[in-house]
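My notebook is open and I have a structure to explore. I'll jot down each thing I look up as I go.

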Amino acid sequence: MDKLKCLSFFKCRGKEKVTASSENFHVGENDENQDRGNWSKKSDYLLSMVGYAVGLGNVWRFPYLTYNNGGGAFLIPYAIMLALAGLPLFFLECSLGQFASLGPVSVWRILPLFQGVGITMVLISIFVTIYYNVIIAYSLYYMFASFQSELPWKHCSDWADENCSRTPIVTHCNVSINMTEIIQMNKSWVDANNFTCLNGSEISQPGQLPSEQYWNKVALQRSNGMDDTGVIVWYLALCLLLAWLIVGAALFKGIKSSGKVVYFTAIFPYVVLLILLIRGATLDGASKGISYYIGAQSNFTKLREAQVWKDAATQIFYSLSVAWGGLVALSSYNKFNNNCFSDAIVVCLTNCLTSVFAGFAIFSILGHMAHISGKEVSQVVKSGFDLAFIAYPEALAQLPGGPFWSILFFFMLLTLGLDSQFASIETITTTIQDLFPKVMKKMRVPITLGCCLILFLLGLVCVTQAGIYWVNLIDHFCAGWGILIAAILEIVGIIWIYGGNRFIEDIEMMIGAKRWIFWLWWRACWFVITPILLIAILVWSLVQFHRPEYAKIPYPDWAVALGWCMIIFCIIWIPIMAIIKIIQAKGNIFQRFISCCRPASNWGPYLERHRGERYKDMVDPKKETDHEIPTVSASGKPE
């Protein structure tokens, strides 16, 4: 009888194990952390981080900045800003997430007073995620439109107006009246009345490229401004839906599925860039384009201009995706003793080298475009949307086999965007998992798909005829100085309040003790250099703030007010959460404030076997921190 009971017991236990496994399928049998799961392989993590850091900005912004700021000379401030601002913040966030195995909100158990910083990061990521997938939808549309024998924007077709032309359009000229009087007349009047322009008297203006009119009139069906919303552009809405379906399918098992997808989406862009570079290098005019990019005679005098250094710092800061919450979220799934220092070096260098490499591929093609159109490279080079959807498509349309190259290019943009989008959604789901772990274990798939559905519906306004104005508005406000505020508070909170030396001790628990000279550089950056640089960039950004516009169309007052409301909604949680934490604490106002500036008692390594002597009295991290849970002192003991 006892044997039967024992057998029955093990059957039940086995059944429970199977059930738990089926509910918690994002956790593998060999995972160190059986509550949250870990990356299946180190390469899954590295490729996900590279894919998150390397995005559209590496292709459509960095090459233009290099060209515009002295060519090859720009690489000097770029490398310096990487060392002083980008890498220190990147290493800090990777270490923070890995040490506690928590996402960007819950990780602020390290400093409860600043928990609102984590909320700000997640909210900004949500806003950016909404419009970022719209850009992916644009790439999908152009990729599908390229499956034709001839690219639809190669010629001015029936959708074009009289301004569509690759050559200058004559607007006025001189004509002879009665063989004696010479007057200047409108060209349309001259043609209508069968007059002939006198040689050399033509006054012309640049025409609009077919690719530009296709972008505005066909792809976007762009209205005259934000006041004119128009209708939803149905094919863009379908492309947006497809983009969200791809994201949802890649993330339905969390990092276990996205970690496999990135083997393609993170590597494929490099293959395409290499192919485009090889093809571009064989074209006439390619050398001219590349010389413009790196500067045949690099203009080192540009280094005296503050704007150049500001551009370098800003590009590094946004390119590495620091202070968005994604680095903390992705690193939180690492094993505790993973070498996050070497990971930070590898990912940052890969990101920066990718930017430089992409510039050669872009400018070789633009050089050919300038050559065949008889223009200077400076007249065809663009940045942002104008590069990706006007200038480069125009250049590809002039190549033999244009549709093939166009498909490759827009598929590359698609994969570049998807990597970053995967990490952004993972940031959101990781936050939900930390706040509601039991619910997330049972309902990861419906919650992930539900997030994608909600964000798709919110993004529909960005695929109306006024959609591009919305995309630009969100980017102008939410992807700007709000992130800088979060980054400054992050480094001040962790290094100045929690304690930089204390944080270094936490890192050494993961990667092993290092000699004091190893930390000399990081201390200098974390304590002084990086905060000063970030504050300088923030002040510069606020001083240079200008009302947003798109295609020289200014935004109405209500749109500017809405932009301010969006960013205020994101950052207002910083003071709100600080007030809530102080109210929940005990004692007089001074004691409450001091209490909230100390780590919560459930702060530390997630697994007990990693806590060592320093965190031996740590409270179970699965327990939520509240005002009744004591904080810990600098020694790691509860107070």
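**Aromatic pairs.** I searched the whole structure, a predicted model, and found 60 aromatic pairs. I picked one to look at: the ring centres of Phe 341 and Trp 522 are 5.8 Å apart. Their planes meet at 90°, which is over 60 degrees, so I noted the pair as edge-to-face. Next I checked where the two residues sit: Phe 341 is in helix H15 (residues 340–373) and Trp 522 is in helix H22 (residues 516–543), so this pair ties together parts that are 181 residues apart in sequence. Is Trp 522 buried or exposed? Its relative accessibility is 4%, so it counts as buried.

**Charges over rings.** I found Arg 36 over the face of Tyr 333, 4.7 Å from the ring centre. Lys 514 lies over the face of Phe 518, at 5.7 Å from the ring centre.

**Annotated site.** I then turned to the unreviewed UniProt entry, where a "binding site" annotation covers nine positions, among them Gly 51, Asn 351 and Asp 419. These positions are spread over 370 residues of sequence, yet they cluster in space, with 13.3 Å as the largest C-alpha distance. From this set, Asp 419 belongs to the lining of the largest cavity.

**Two residues up close.** Gly 51 sits in helix H2 (residues 42–53), and Asp 419 in helix H18 (residues 402–435). Gly 51 is buried at 3% relative accessibility, and Asp 419 is buried at 4%. What does Gly 51 touch, beyond residues up to four places away in sequence? I listed Leu 416, Asp 419 and Ser 420. Last, I saw that the side chain of Asp 419 reaches the backbone nitrogen of Ala 266 at 3.4 Å.

Key:
Residues numbered from 1 in each chain as written. Predicted model: local features only at pLDDT ≥ 70, side-chain atom pairs only at ≥ 80, totals over all residues. Heavy atoms only, no water. Phe/Tyr/Trp six-rings, centres within 6.5 Å; stacked < 30°, edge-to-face > 60°. Helix = DSSP H or I, 4+ residues; strand = E, 2+ residues; numbered from the N terminus. Buried < 20%, exposed > 50% of the residue type's maximum accessible area, 1.4 Å probe, protein only. Lys NZ or Arg CZ within 6 Å of the ring centre and 35° of its normal. UniProt positions renumbered as here; feature names shortened; annotations may be inferred. 1 Å grid on protein atoms, 1.4 Å probe; cavity = no way out; pocket = protein on both sides within 12 Å on 5 of 7 lines; lining within 4 Å. Contact = heavy atoms within 4.5 Å. Polar contact = N/O pair within 3.5 Å; in protein donor to acceptor, adjacent residues only side chain to side chain.
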